[in-house]
Amino acid sequence: PTHIALCFDKDSRKGRLAIDPNYKANREAPPDDLLKQFSIIRKIVEVLELPIVEFEGWEADDVIATLTDHARAKGFDVEIVTSDKDFLQLLQPGVRIFDAMKNKPVTDADAQERFGVRANQMRDYQALVGDAIDNIPKVPGIGPKTAADLLAQFGTVEALLARLDEVSEPKIRENLKANVAQLEMAMKLVSFRHDL
């Protein structure tokens, strides 16, 4: 690589807590042995003279999404090194993801095999099925298979909400209609900021 940065969270819940005060409310504090590693990692990065990029009130995810857009606008190819499934939403031509835990690139085919949706549908999928780790509620009655089926038919949550009457399963249609505000909020919570 010609350019590199390490991104950290910085008071990271603030931005999304403004959207939903319950965001990550049930998440336990990181274990002590992990907390001790953060200062060590920062020291190592400083010795290696690598830049750390962080933005007050937002998660490293949002910083990475913003940096990705800036780099792409300047003609760079980007590689994001992470095992976090949330980053599938950034996968596109010119943006690669490398999972260092598995020592392999992550592809659109991986997203389809694991979740049943294309990588660029990951936000929509997560908004429908929720995320227990981040305390984002799911739409009642919608699990992974139903979410994948709905996205195969409608493409996005926005299109789904615009065409709710076309949902063939009555119970699913009613659950969606009853939870539109929650689903719209979930979309905001799972979407990365691109403008930090």
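In this predicted model, the protein chain has 9 helices and 5 strands. Read from the N terminus, the order of the elements is β-α-α-β-α-β-β-β-α-α-α-α-α-α.

Along the principal axes, the C-alpha atoms occupy a box of roughly 60 × 35 × 30 Å. Among contacts with a separation of 6 or more, 59% join residues 24 or more positions apart.

Of the 196 residues, 39% count as buried. The protein chain exposes about 11500 Å², and 55% of this area comes from carbon and sulfur atoms. As for charge, there are 26 positive and 33 negative side chains, with the centres of the two sets 1 Å apart.

Helix α8 spans residues 170–178, and its buried residues are Ile-172, Arg-173, Asn-175 and Leu-176. These buried residues line one face of the helix, because they fall within an arc of 165° when seen down the axis of α8. An α-helix has 3.6 residues a turn, so residues three or four places apart point the same way. On the face of α8 turned away from the buried side are the exposed residues Lys-171 and Ala-178.

The cover over the buried residues of α8 includes the helices below.

| Helix | Residues |
|---|---|
| α5 | 122–129 |
| α6 | 144–154 |
| α7 | 157–162 |
| α9 | 180–190 |

How values were computed
Residues are numbered from 1 along each chain as its sequence is written. This is a predicted model: local features need pLDDT of at least 70, side-chain atom pairs count only at pLDDT 80 or more; totals for chains, interfaces and linings use all residues. Side-chain values use heavy atoms; hydrogens and water are left out. Helices (H or I, at least four residues) and strands (E, at least two) are DSSP runs, numbered from the N terminus. Buried means under 20% relative accessible area, exposed over 50%, partly exposed in between (1.4 Å probe, protein chains only). Contact means heavy atoms within 4.5 Å. Accessible areas come from the Shrake-Rupley method with a 1.4 Å probe; for residues, only the protein chains shown count as cover. Lys and Arg count as positive and Asp and Glu as negative; His and the chain ends are not counted. The place of a charge is taken as NZ of Lys, CZ of Arg, CG of Asp or CD of Glu. The arc is that of the directions from the helix axis to the C-beta atoms.
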